[in-house]
Amino acid sequence: MKKPIIKKKIILVIEDERPLLQVVNSRLKKKGFEIISARSVDQVFDSGLKKKGLNIITASSIKQALEYLENLERIDAIWLDHNLFGKENGLDLVKKLKANGGRWNKIPIFVVSNTESNKTIKSYSDLGISKYYVKSNHKLDDIIKEIKLTLDGSIF
Amino acid sequence: MKTYKTNNSENYDIALKLEVLAREKESTRRKLVITAKELALTAKEKEKARQKLVIIARQLAVAAREKERTRRKLEVTARALKKLHETLEKKVLERTEDIERIRSKNEAILASIGDGLVVVDKGGKITYLNRSFEEMLGWNTKEIIGKSMVQVVPREDQNGIKVSFKERILTQVLSGQKFVADLTNPFYYVRKDKSRFPTSSIVAPVVLGGEIVGAVEVFRDITKEKEIDKAKTEFVSLASHQLRTPLSTVNWYSEMLLAGDAGRVTPNQKKYLEEIYRGNQRMVDLVNTLLDVSRIELGTFIAESKPTNIIELVQDVIKEYSQQIDKKKIKFSSVFGKNIPLIQVDPKLIGMAVQNILSNAVKYTPTGKKIGVSILLDGKNILLEISDTGYGIPKEQQSKIFTKLFRADNVVGKDTVGTGLGLYIAKSVLEQANGKIWFISEENKGTTFFVNLPIGKHKK
């Protein structure tokens, strides 16, 4: 009897600290996820193209970048740090994603950051995210467990 | 009448004539008598009239004298009035000069007030503005006097969205509405040159004879204050991020090592790794606590009050410690009063305070001893008691219990950890909510902490 092919869930991990990015990616892979990672907002839109070995085509608009991503990858969840390389931070990315609507609006976003400012947390929750974690207050496995639960319960 | 026999008709004629004469004489005599009587009467009347005239003449004389006296009095009065008039004129002049001086002084004061000042009439039209207004907003008095303040000076929120006429505080105050200030949202005034600055303003109605005849607004440019606030928040935010990042790295890598992610660990290696993990956790707790303290001290902790069920709040905190309580075999009891009303507090902050107190009770109570929690209504307050039969606080050190980083000597020796900041934070948070915290304790007998929270309104 043919075993049903279970597609692995793909998580987009955006974290600027290299050691943290590595340990998160490694653990997520161990727990059965596929990873696309980036360390800045710009990289998010480059990453999908890089993976396929294409030259980086500068998208002339966010819309275009999303179209590329749309066609190349299916993303099931986003692991997002607030402080990132480059000028833009996690909040800017969420704004950009939400502004483009469609399926980008429905992807669960998990913000895992060491910033605890009430203002920042409120900004994220106003835009609509799944959960906000203060990194140093949680075990890595606990966060991954919750992400899994959310995804298993969702239509993705 | 003699009747003579005279010779005849001559004598008779004479006799007749004499009779006629006599009769005429009599008649004349009678007439004269009447006339005399009449004259006498007339004379009497004349005399009466004369006497009346004399009286009248005397009266006239008296009246004339009175008139003269009155005339003299009037003269005196007239002179006095003239003098008074001159004095009054002088006084009015002096008073006018005084008023003018005071007015100039007031004008000078109003003009020199560092804050912007604008006075509007009932219709919201500008009737007065001071120099600071001109300088802050770039308008000249002549340009905008008599115009609508709300139209001349637009008010915007942070995102540049204009506040409508209806929503302007000025409009609301002029229509008699009680205005409730929204302190969390920064507002901006737009200058003549379309640039803007953050403002803090107070508007009050001008009431005369029970009627609103206008309004006065005083406003300030709070750019500097906002910058300082921003710097404070950013400092705490930066500090928290910088401190927590390496801690997270150690946390997760130790966790992964312990989970065997980098290969199997021997039991000994596991022990060492667990110590690393535990030590790191203490750092995380310390950093979290220090950040709370700095937020309290810098005043960047904004309380978000909402109606809170204090019993539920405390029960949630107890749940967090139930595992530790069971592990230490502590006998736990609780009493919750009935009809405890909801209170307007920030549940996160009060929860933090309660957690700090309960955490101490659990930490400093040895195995097998007791901890009790009760919530009761006490007049206009809610009284929370957390008591334990643990180590207690030595008498000589009780006065320092609420100070930063203080830990009593008797627990430093025992196998417990603590930052010495928990009660400082609890006290700051509770006092900000207009509550009180105090305790009674005896070394080796136990401690009871009391928390009082008023049911009424709290200061921000």
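Biologist: What should I know before I start?

Modeller: Residues are numbered from 1 along each chain as its sequence is written, and chains are lettered from A and ligands numbered from 1 in the order in which they are written. The model is predicted, so local features need pLDDT of at least 70 and side-chain atom pairs count only at pLDDT 80 or more, while totals for chains, interfaces and linings use all residues.

Biologist: At what angle do helix 1 of chain A and helix 6 of chain B cross?

Modeller: Axes are lines fitted to C-alpha atoms, for helices over the stretch in contact, and angles run from 0 to 180 degrees between N-to-C directions. The axes of helix 1 (residues 18-30) of chain A and helix 6 of chain B cross at roughly 30° and come within 10 Å. These two helices are therefore roughly parallel to each other. The cut-offs are under 35 degrees for roughly parallel, over 145 for roughly antiparallel, 65 to 115 for roughly perpendicular, and oblique for the rest.

Biologist: Which residues meet there?

Modeller: From helix 1 of chain A come A:Pro19, A:Leu20, A:Val23 and A:Arg27. They meet B:Ser248, B:Thr249, B:Trp252, B:Tyr253 and B:Met256 in helix 6 of chain B. By class, this helix contact has 6 nonpolar, 2 polar and 1 charged residues.

Biologist: What is the strand order in the open sheet of chain B?

Modeller: Strands of a sheet pair through backbone hydrogen bonds, either parallel or antiparallel. Two strands pair if DSSP finds at least two bridges between them. The open sheet of 6 strands in chain B has the order 2-1-6-5-4-3, with antiparallel pairing. Strand 2 (126-129) and strand 3 (155-156) of chain B stand at the edges, each with a single partner strand, so one side of each is left without a neighbour in the sheet.

Biologist: How many bridges join strand 5 to strand 6 of chain B?

Modeller: There are 10 bridges between strand 5 (residues 196-208) and strand 6 (residues 211-221) of chain B. B:Val203 stands opposite B:Glu217 in strand 6 of chain B. B:Glu217 is also the bridge partner of B:Val118. Strands 5 and 6 of chain B form a hairpin with 2 residues between them, and B:Gly209 in the turn has a positive phi of about 60°.

Biologist: Is B:Phe439 buried, exposed or in between, and what does B:Phe439 touch?

Modeller: A residue is buried if 20 or more other C-beta atoms, placed from the backbone, lie within 10 Å of its own, exposed if 12 or fewer, and partly exposed in between. B:Phe439 has 19 C-beta neighbours inside 10 Å, so B:Phe439 counts as partly exposed. B:Phe439 lies in strand 12 of chain B. Not counting residues up to four places away in sequence, B:Phe439 touches B:Thr447, B:Thr448, B:Phe449 and B:Phe450.

Conventions:
Helices (H or I, at least four residues) and strands (E, at least two) are DSSP runs, numbered from the N terminus. Two residues are in contact if their C-beta atoms, placed from the backbone, lie within 7 Å. Ala, Val, Leu, Ile, Met, Phe, Trp, Tyr, Cys and Pro count as nonpolar, Asp, Glu, Lys and Arg as charged, and the others, Gly among them, as polar.
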